[in-house]
Amino acid sequence: MRRPAGLRGHACAVVPLAAALSLCAVTMTGARIPSAPSIMLVDVTARTGVTFRLEHHPTPAKHLIETMPGGLAAFDYNRDGRTDLYFTNGASVPGLVKTGPSFWNRLYRNDGDMKFTDVTAEAGVAGKGYSMGAAAADFDNDGHIDLLVTGVRENTLYRNTGSGKFEDVTARAGLRGGVWSVAAGWLDFDRDGLLDLFVVNYLKWSPADGRFCGDRARSLRVYCDPRHYTGLPNTLYRNRGHGTFEDVSVKTGIAAHVGKGMSLGVADYDGDGWTDVFVTNDTVPNFLFRNIEGRRFDETGLLSGVSVPSHGRPVSSMGTEIRDVDNDGRPDIHVTALAGETFPLFQNDGGGTFRDTTQPSGIAAATLRHSGWGNALVDLDNDGWRDLFTANSHVNDRIEAFEAHTYLEPNRIFRNTGGGRFVDVTQEVGAAFAVARAHRGAVAADLNHDGRVDIVTTSLGDRAEIWENRSVAAHWIILKLVGRSDRDAIGAQIRIGKQTAELATTAGYASSVHAGVHFGLGSATTIARLEIRWPDGAIQVLNDVRADQVLEVRQSSGSGGPSR
């Protein structure tokens, strides 16, 4: 985060979800439609029952942690078919203790029709310490989605008991804290059917740190540039089964690379069948950890072309999304950064290399004056191309006293006009979308089962925002995948026509979405061929699949054709 200048074929069963989800039939297709639907988001927070406020506890001492929280998660914790919301929260500073309910992390149960109920106390997930991010997945393969919460000096693993409650199993699992962790992600790096945990660590920082950054002559104190601090290596935990993990950071080569990690994305970027990890680093080069057959990781960021943008200088890399933006079958990488740095887009050329296409994609000019944190590459208008949403704000709340940049910003929407070319359509969304806040985390998920992806954001010292997607209707499908023996299918790859997606739950800045895989289908009412490559390499092909439904696909060890 830059500071002010000068201051420094196996068979499966296919089961439609309950009719109670009210799946809607809509009217529009696969490739680009001549008269594309507009994108329209409406702020419905006031009527949802979500009253969460992100309490970051700002102090005159400007402790660096105060400007960094805001991760959240969207996942179905109670298996009722609806996506619930979990918000991480801060704590008192410098004590790093949640001294009252205002600092609680919050879990909201989705009751349908965009109505939510706070179930934090009964679920047992209020948290402890100064929380940063969240990562949702079923690590023990019992069919219930669990939750990892990252924080300053303390990470917490909550096991979902399946009874509406969670239990803190951090100590039993063998997960350690002690450092500042911002984000985390789940992946099966060794393909043993058990989800492993990658934790992104930031800086060596202590509440006792009293250094002054800013302009003493004007008594203007600001959050210090990360260049003033020593970075940290990331941590990789291998899931040993039976609820325990082994730290394999040294064994796999992850610990050999010291960075200033902010977020991560997981995907098989080179198509070799092994899941890789991309980590954004703040003011130092990003990491791309290539998975070598589940034995070790080689850091290939520089060789692959994603360590820095094409100008050769590191930027304040914040959130990241790894999705295919040009429908060429390969996952691309998008990163948010600060004003003056643009929001880099690296398009996958195949063969393990990427090109910086920030300028030709239209993103460079559209983001040069903006600062971003959370981001989401999702098809907001269901036309078959992934659009870009960014949650915006500068990191420095005094930036306007030093530079011609703005602290508080509205969020922004960039429409994919085809082939990974983007146009800023924010102003078309309406005046309500133009409210400027200190936005941080963001998740994208269909909260009301109408086939359109909604957006949820957090903001420092302010309420959460829930944006209902009311874009002109086009066809869609959401796939919810369940691996063999109820295993979480993270890492599965799906192809529909020219569109591809890999099931992953990492999302933007320090956030997580475990809500199935959404595809916009434009005017297509039927999917002629849908191919799933499961994490174990098994391939399942479904033919003539009806659009406009949430479809659960369960991998089976049997043979023969799929049943619906």
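These numbered points comment on a pocket, a sheet, a disulfide and some backbone details in a predicted model.

1. The second largest pocket has a volume of about 370 Å³. Its lining is made of 20 residues, and those closest to the centre are Gly329, Gln493, Ile494, Thr500 and Ala501. Four strands, β23 (320–323), β35 (493–496), β36 (499–502) and β40 (526–533), each give two or more residues to this lining.

2. What kinds of residue line the second largest pocket? The lining divides into 10 charged, 6 nonpolar and 4 polar residues.

3. Some strands named in point 1 also belong to a sheet. The sheet is open and has 4 strands in the order β36-β35-β40-β41, with antiparallel pairing. β36 and β41 (539–546) are at the edges; each has a single partner strand, so one side of each has no neighbour in the sheet. On average, neighbouring strands of this sheet are turned by 20 degrees against each other, direction ignored.

4. Within this sheet, the pairing of β40 with β41 is antiparallel and runs over 7 bridges. As one detail to look up in the structure, glutamate 531 has valine 541 of β41 as its bridge partner.

5. The model has 1 disulfide. It joins cysteine 213 to cysteine 224, with an S to S distance of 2.0 Å. The two cysteines are 11 residues apart: cysteine 213 is in the loop between β12 (196–201) and β13 (214–215), and cysteine 224 is in the loop between β14 (220–221) and β15 (232–233). The link is right-handed, with 100 degrees about the S-S bond.

6. Most residues other than glycine have a negative phi, and most peptide bonds are trans. The next residues should be read against that background. The peptide bond from valine 93 to proline 94 is cis, with omega near 10 degrees. Proline 94 is in the loop between β4 (84–87) and β5 (106–112).

7. Arginine 79 is not a glycine, yet its phi is positive, at about 55 degrees. This arginine is in the loop between β3 (72–75) and β4. Arginine 79 counts as exposed, because its relative accessibility is 51% and the cut-off is over 50%.

8. Histidine 449 also has a positive phi, of about 60 degrees, although it is not a glycine. Its place is the loop between β31 (439–445) and β32 (454–459). With a relative accessible area of 7%, histidine 449 is buried, whereas arginine 79 is exposed.

Conventions:
Residues numbered from 1 in each chain as written. Predicted model: local features only at pLDDT ≥ 70, side-chain atom pairs only at ≥ 80, totals over all residues. Heavy atoms only, no water. 1 Å grid on protein atoms, 1.4 Å probe; cavity = no way out; pocket = protein on both sides within 12 Å on 5 of 7 lines; lining within 4 Å. Points joined across faces, edges and corners; volume = space filled by probe spheres on them. Nonpolar A, V, L, I, M, F, W, Y, C, P; charged D, E, K, R; others polar. Pairing = 2+ DSSP bridges. Axes fitted to C-alpha atoms, helices over the stretch in contact; angles between N-to-C directions. Disulfide = S-S within 2.5 Å. Buried < 20%, exposed > 50% of the residue type's maximum accessible area, 1.4 Å probe, protein only.
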